[in-house]
Amino acid sequence: SGKNVSKRLRVCVATCNRADYSKLAPIMFGIKSHPEEFDLEVVVLGSHLIDDYGNTFRMIEQDDFDIGSKLHTIVRGEDEAAMVESVGLALVKLPDVLQRLRPDILVIHGDRFDALALATAAALMNIRILHVEGGEVSGTIDDSIRHAISKLAHYHACCTRMAEQHLIAMCEDHSRILLAGCPSYDKLLSTHHREDYMDIIKSWLGDKVQEYDYIVALQHPVTTDIQKSIKIYELMLDALLSFNKKTLILFPNIDAGSKEMVRVMRKKGIEQHPNFRAVKHIPFEQFIQLVCRAGCMIGNSSCGVREAGAFGTPVINLGTRQTGRETGENVLHVRDADTQNKIYHALELQFGKRYPCSKIYGDGNAVPRIIKFLRTIDLDEPLQKTFCFPPVKDSISQDIDHILETQSALAVDLGGTNLRVAIVCMRGNIVKKYTQPNPKTYEARMQLLLKMCVDAMRDAVGLNCRILGVGVSTGGRVNPQEGVVLHSTKLIQEWSSVDLRTPISDALHLPVWVDNDGNCAALAERKFGHGKGVENFVTVITGTGIGGGIIHHNELVYGTTFCAAELGHIMVSLEGPECSCGSRGCIEAYASGMALQREAKRLHDEDLLKVEGMEMKLSEPITAGHLINAARLGNSKADAVLNKASTALGVGIVNILHIVNPTLVILSGVLASYYQAPVQRIISERALFSAQSIKVLTSELEEPALLGAASMVLDYATRRIY
């Protein structure tokens with residue numbers, strides 16, 4: 001910034017009320033003491049200029065600052081509407097002033113509505129903003145306003161480490177945040193050793209008062225809950241009346257609700273009461289002396305939470321106006337100050353104690369840091385702010401329609417036994433499931449399928465799920481591009497050359513995806529299971545039949561006639577048992593649930609199945625389960641059958657490893673947990689060395705077919721590609 005060497009930086013400080021002036025004055029003095037570098041302009045607006053609030057702009061003149069502009073910006077009425085109109089009035093008056101002063105930097109403090117007007121005007125007029133005391137959390141509407149000002153500000157001087165972290169979390173640029181500490185502490189820590197402190201205390205509280213034997217009370221309205229603030233104010237006054245100590249009470253801030261609070265005070269006769277002194281304004285240095293040597297401070301002023309900590313003065317914070325702020329151990333919160341008794345008890349606990357001094361809000365060197373920071377501002381840098389957005393987890397909702405609803409899919413599973421429909425949401429939770437026996441004829445099946453889908457669609461509305469499409473998983477060979485079932489398995493009759501997409505899409509007015517159950521199981525693993533983030537893996541379903549899917553470079557392998565990944569029909573023997581496909585020696589003929597059930601029946605008919613300790617009811621149908629049970633209990637014939645089945649399956653999987661060499665094999669279906677260990681063993685015995693280390697895992701998904709069918713919808717519908 002060579003060309004700015006000689007030029008002084010024009011800094012404009014805008015102050016709205018006594019509270020922000022106490023923070024800005026030290027900065028103003030600091031800027032003024034370097035006239036060769038800085039040109040200071042002062043703009044006064046807001047409640048400084050209002051009589052009821054003690055015409056506090058006079059303090060600024062007493063401090064010997066030239067006021068460049070006085071703007072009357074307060075609309076009277078002290079309610080929410082008046083606050084909003086005041087912001088509007090300030091926005092109308094500020095542009096002229098800012099155009100005339102043309103500052104390089106505008107310094108704004110805090111979280112008042114006046115400051116929001118200043119920040120809005122300056123940001124729109126391309127004036128750089130330094131915001132003092134951003135990033136804090138107090139627990140009221142002020143938080144929203146404070147954070148809004150932070151978003152408009154170009155530079156930040158914050159007071160606490162936590163505030164700095166909040167600003168960074170709010171995407172503000174780290175290099176433009178200065179952790180300065182609170183500027184008012186510069187004055188606090190240097191002035192509270194004054195000799196004449198007793199004179200000050202007596203001038204405000206009368207000659208009889210003793211050090212550490214009086215109370216300072218300062219309660220502001222909480223604009224988001226005015227009625228409650230007035231109630232708390234009443235209870236506080238009652239508690240103070242009965243506590244019977246000398247009390248200095250300040251009038252509340254000019255916020256919505258302040259009028260009613262003053263009314264409550266007058267009704268209780270506080271101003272005439274011998275114990276009380278009610279005042280509109282105290283100069284900050286004197287106020288500090290009073291807080292520093294008070295027996296206790298009570299109310300909800302930020303001064304209690306911040307400045308009082310520097311002296312270890314006991315503080316009672318009433319209500320929620322400051323509960324978000326960091327505090328020292330001197331602060332006792334009475335969050336729901338709903339009885340006079342609670343407040344009285346708090347006074348008994350806190351009054352007259354002394355706490356260690358806390359430096360959370362500053363160490364007394366904020367102003368030199370801020371001056372140094374102002375020197376480093378390069379006016380040739382682009383004015384446009386850059387926000388530093390943190391990485392965010394994949395957003396679940398893509399556009400406005402979905403924010404209020406859960407994006408979901410209708411999943412259909414057409415199996416050999418049942419016809420199932422489910423509503424599945426983005427995260428893979430099954431919100432609701434419907435099951436019916438799968439009808440034997442095409443007509444009845446289609447009719448039932450459409451009826452179940454229509455019912456599910458109706459329920460989805462009540463469940464707040466927005467259905468994006470329908471995914472169908474079915475047995476057999478499928479052409480997913482056309483949404484047609486080409487050839488069925490033996491298990492589902494009348495199900496070849498069936499167009500599923502057209503009738504479902506016509507009935508529900510939704511896009512429809514169709515694939516076979518093996519591919520769906522693989523898709524389910526890819527989106528919700530062990531296959532998440534794995535580029536190449538194979539899923540094998542070991543259920544009634546055997547099927548599967550191959551994911552290669554994150555996509556399913558289909559082949560030319562949609563016959564790829566028919567893993568059940570990998571042949572492991574030249575003769576071998578007959579398979580339902582009409583051929584022999586397929587792994588499905590050895591290792592599927594049907595094959596095992598067939599063998600179990602054969603053994604049972606020859607009376608070779610039942611062994612010692614095995615429960616079998618006469619009427620129950622024989623299943624693969626009986627076979628596994630018998631083998632466990634030492635039936636060597638059953639064991640031999642299972643051994644052969646495991647070997648056939650293992651050898652089939654070794655063939656897969658040698659063809660596509662996946663990272664992972666995932667077994668799913670009812671027999672998966674039984675086969676996992678034997679298959680892993682056979683791979684280590686029979687596969688080529690490079691393939692021996694491939695892991696075999698058991699799926700953890702409850703419903704692979706339904707989840708896979710849903711994933712077709714959720715992945716494509718949200719990418720808006722069909």
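## Histidine 569 and its loop

His569 sits in the loop that runs from strand E24 (555-556) to helix H18 (587-591); helices (H or I, at least four residues) and strands (E, at least two) are DSSP runs, numbered from the N terminus. This is a predicted model, where local features need pLDDT of at least 70, side-chain atom pairs count only at pLDDT 80 or more, and totals for chains, interfaces and linings use all residues. Numbering starts from 1 along each chain as its sequence is written, and side-chain values use heavy atoms, with hydrogens and water left out.

His569 is partly exposed, at a relative accessible area of 25% (buried is under 20%, exposed over 50%, partly exposed in between; 1.4 Å probe, protein chains only). Setting aside neighbours within four places in sequence, His569 is in contact (heavy atoms within 4.5 Å) with Cys579, Cys581, Cys586 and Glu588.

## The annotated site

An unreviewed UniProt entry puts a "binding site" at His569, Cys579, Cys581 and Cys586; such annotations may be inferred rather than shown by experiment, and feature names are shortened, with positions in the numbering used here. These residues span 18 residues of sequence, yet they cluster in space, with a largest C-alpha distance of 8.8 Å.

Cys581 also lies in the loop between E24 and H18. Cys581 is partly exposed, with a relative accessible area of 43%, and beyond neighbours within four places in sequence Cys581 is in contact with His569 and Cys586.
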